[in-house]
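Please find some notes on the model below. They are set out as numbered points and can be read against the coordinates.

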Amino acid sequence: MSASPPKAVTLLSGGLDSMVVAALARERGFAVLALTVDYGQRHRIELEAAARVAAAVGAERHIVLPLDLRAFGGSALTADIDVPKDGLGSDVPVTYVPARNTILLSLALGWAEAAGARDLFIGVNALDYSGYPDCRPDFIAAFERLAALATRAGAGDAPFRIQAPLQHMTKADIAREAARLGLDAGISWTCYDPTPDSLHCGRCDACRLRSKGFEEAGLPDPTRYAVRP
């Protein structure tokens with residue numbers, strides 16, 4: 001009788017990056033426990049994408065956890081603030097959700113401890129990104145240290161590992177990785193400000209970075225944009 005594969009909790013937003021990360025976790029032999037957090041984001045369509053992606057990567061279980069961060073506000077994704085459409089700037093943009101990855105990883109850590117998993121996968125990237133502070137390698141390393149201190153399981157001899165395999169990839173690298181893994185990138189969702197007819201706006205930072213990745217990778221972009229970035 002073969003042993004069951006180890007479990008990994010994977011944060012799954014429904015975006016291209018998280019889809020690739022979930023597929024990489026599966027490729028590395030993990031049973032994928034996919035966690036999507038419904039935090040009140042204005043791009044609600046990504047929750048539908050997350051369900052499609054979870055099915056596509058063969059997730060053992062997919063939890064959509066409600067945690068409405070609109071009560072806090074402070075971001076164009078959770079408050080009545082316009083999503084910037086002028087291209088990438090040098091400052092952290094208003095689409096940054098305060099402490100989002102800290103919150104999401106904490107929830108993933110709780111599920112991992114309960115499920116007996118020791119690996120957490122997250123699709124952060126620190127090359128072609130919007131400059132969010134909680135995507136940096138230092139943050140990921142610090143959270144891994146925190147996981148060892150904050151949990152009963154972490155105090156034992158099997159510490160938690162925060163795996164961020166896209167950390168040093170460009171968007172082109174990620175697009176190529178999606179193709180290598182045989183993923184249908186068209187089922188993922190990236191846009192921060194979808195149109196009423198469910199198109200990517202084509203002008204927000206997320207759309208611009210997504211389009212740039214496919215173009216630089218020399219791959220067809222399956223995304224339906226209202227305006228071509």
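1. Basis. This is a predicted model, in which local features need pLDDT of at least 70, side-chain atom pairs count only at pLDDT 80 or more, and totals for chains, interfaces and linings use all residues. Residues are numbered from 1 along each chain as its sequence is written, and side-chain values use heavy atoms, with hydrogens and water left out.

2. Helix 6, length. Helices (H or I, at least four residues) and strands (E, at least two) are DSSP runs, numbered from the N terminus. After helix 6 comes Gly 218, with a positive phi near 70°.

3. Helix 6, burial. The buried residues of helix 6 are Asp 205, Ala 206, Cys 207, Leu 209, Arg 210, Ser 211, Gly 213, Phe 214 and Ala 217. Buried means under 20% relative accessible area, exposed over 50%, and partly exposed in between (1.4 Å probe, protein chains only). Helix 1 and helix 5 are included in what covers these buried residues.

4. Thr 190. This residue sits in the loop between helix 5 (171–180) and helix 6 (205–217). Thr 190 counts as buried because its relative accessibility is 16%. Its side chain makes a polar contact of 2.6 Å with the side chain of Arg 210. A polar contact is a pair of N or O atoms within 3.5 Å; within protein, one must be able to donate a hydrogen and the other to accept it, and residues adjacent in sequence count only if both atoms are side-chain atoms. Leaving aside residues up to four places away in sequence, Thr 190 touches Leu 16, His 200, Ala 206, Cys 207 and Arg 210, where contact means heavy atoms within 4.5 Å.

5. Cavity. On a 1 Å grid over the protein atoms alone, a cavity is a set of points where a 1.4 Å probe fits but cannot get out, and a pocket is an open set with protein on both sides within 12 Å along at least five of seven lines; lining residues have an atom within 4 Å of a point. Grid points are joined across faces, edges and corners, and a volume is the space filled by probe spheres set on the points. The count is one cavity of 30 Å³ or more, and the largest cavity holds about 740 Å³. Two or more residues of its lining come from each of helix 1 (16–27), strand 2 (31–38), helix 3 (100–115) and helix 6. Helix 6 gives the most, with four residues.

6. Cavity lining. Of the 35 residues that line the largest cavity, Ser 13, Asp 17, Arg 100, Gly 123 and Tyr 192 lie nearest its centre. The lining divides into 16 nonpolar, eleven polar and eight charged residues. Here Ala, Val, Leu, Ile, Met, Phe, Trp, Tyr, Cys and Pro count as nonpolar, Asp, Glu, Lys and Arg as charged, and the others, Gly among them, as polar.

7. Pocket. The largest pocket has a volume of about 150 Å³. Its lining has 14 residues, with Gly 186, Ser 188, Trp 189, His 200 and Arg 224 nearest the centre.

8. Backbone to check. Ser 198 is not a glycine, yet has a positive phi of about 65°; Ser 198 lies in the loop between helix 5 and helix 6.
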